[in-house]
Amino acid sequence: LGGSFIAYELCEACVARGIPVTWITRGPWFLHRHLDEEAGRVVDAIAVKNGAKVIHGEEVNEVVHRNGSLSGVRTKAGNYFDAGLLGCGLGLKMNIDFLRDTPVKTEKGVVVNECLESSVPGIFAAGDVAESYYPLLGDYGILANWNKAIDQARTAARNMAGARERYSNVPVYVSGLFDSRIMLIGLPDASGGHLRGVVSSDPKHHRYRKLYFSGEQLAGAVLIGDFRGWRELRNLVETKESM
């Protein structure tokens, strides 16, 4: 999430100052691993309403200079866009190569148990690099944000000191979205997997809500523009109560 939102935040800052913005994303829509196509359209509509030009499925291949100054970018498809300022969000690359030939198990990150302990007793991981198991998703996952890193670091530190605390906090990510807002609760996965999604969308007012269920239990949510009841939704994910 980090790179995507950093690039977006630069777009928002420029739009707020009346600077023309072209927002290029490699995926078919913004945050396509967490948002479905309908949510992507809502994000696009919010961006366009605020004066940004949105382009999907393109990737910058070359930064073009003229007389020592930035003049534009050229994409892999050969399209050229004028630019006087360039911001890049390139995603995350976990620094785990040094662990490849060790007993510490790694996949996308360092695989940890519910106490944030790795496959080697006494070695813990927290934050972006920690790949935790989420029972309602039935899979391991990573959500990179400050709040989760801080919370996990506290739990890992106590466990390194001898405690056996389980990290069970439900990750929540919130960001501005031009004149709107977006929130991810849990680890919503646009691919669905074994989860069932229930959507409530109001395109006219640029609002969108999607709840993800594992059986009758709430597993996560995506909220755009309308955050009503978000604490109750987070608590339902955390307590695993049936709905």
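Partly exposed describes a residue whose relative accessible area lies between the buried range, under 20%, and the exposed range, over 50%. The model discussed here is predicted.

Q: Is Arg41 buried, partly exposed or exposed, and what is its relative accessible area?
A: A residue counts as buried under 20% and as exposed over 50%, with partly exposed in between. Arg41 falls in that middle class and is therefore partly exposed, its relative accessible area being 49%.

Q: How many residues apart are Glu59 and Arg26, which link distant parts of the chain?
A: The side chains of Glu59 and Arg26 meet in a salt bridge, with 4.0 Å from N to O. Glu59 lies in the loop between strand S2 (52-56) and strand S3 (60-66), whereas Arg26 lies in the loop between strand S1 (21-25) and helix H2 (37-49), and the two are 33 residues apart.

Q: Is Lys93 buried or exposed?
A: The side chain of Lys93 meets that of Asp97 in a salt bridge of 3.6 Å, N to O. Asp97 counts as partly exposed at 47% relative accessibility. Lys93 has a relative accessible area of 68%, and since the cut-off for exposed is over 50%, Lys93 is exposed.

Note on methods. Residues are numbered from 1 along each chain as its sequence is written. This is a predicted model: local features need pLDDT of at least 70, side-chain atom pairs count only at pLDDT 80 or more; totals for chains, interfaces and linings use all residues. Side-chain values use heavy atoms; hydrogens and water are left out. Helices (H or I, at least four residues) and strands (E, at least two) are DSSP runs, numbered from the N terminus. Buried means under 20% relative accessible area, exposed over 50%, partly exposed in between (1.4 Å probe, protein chains only).
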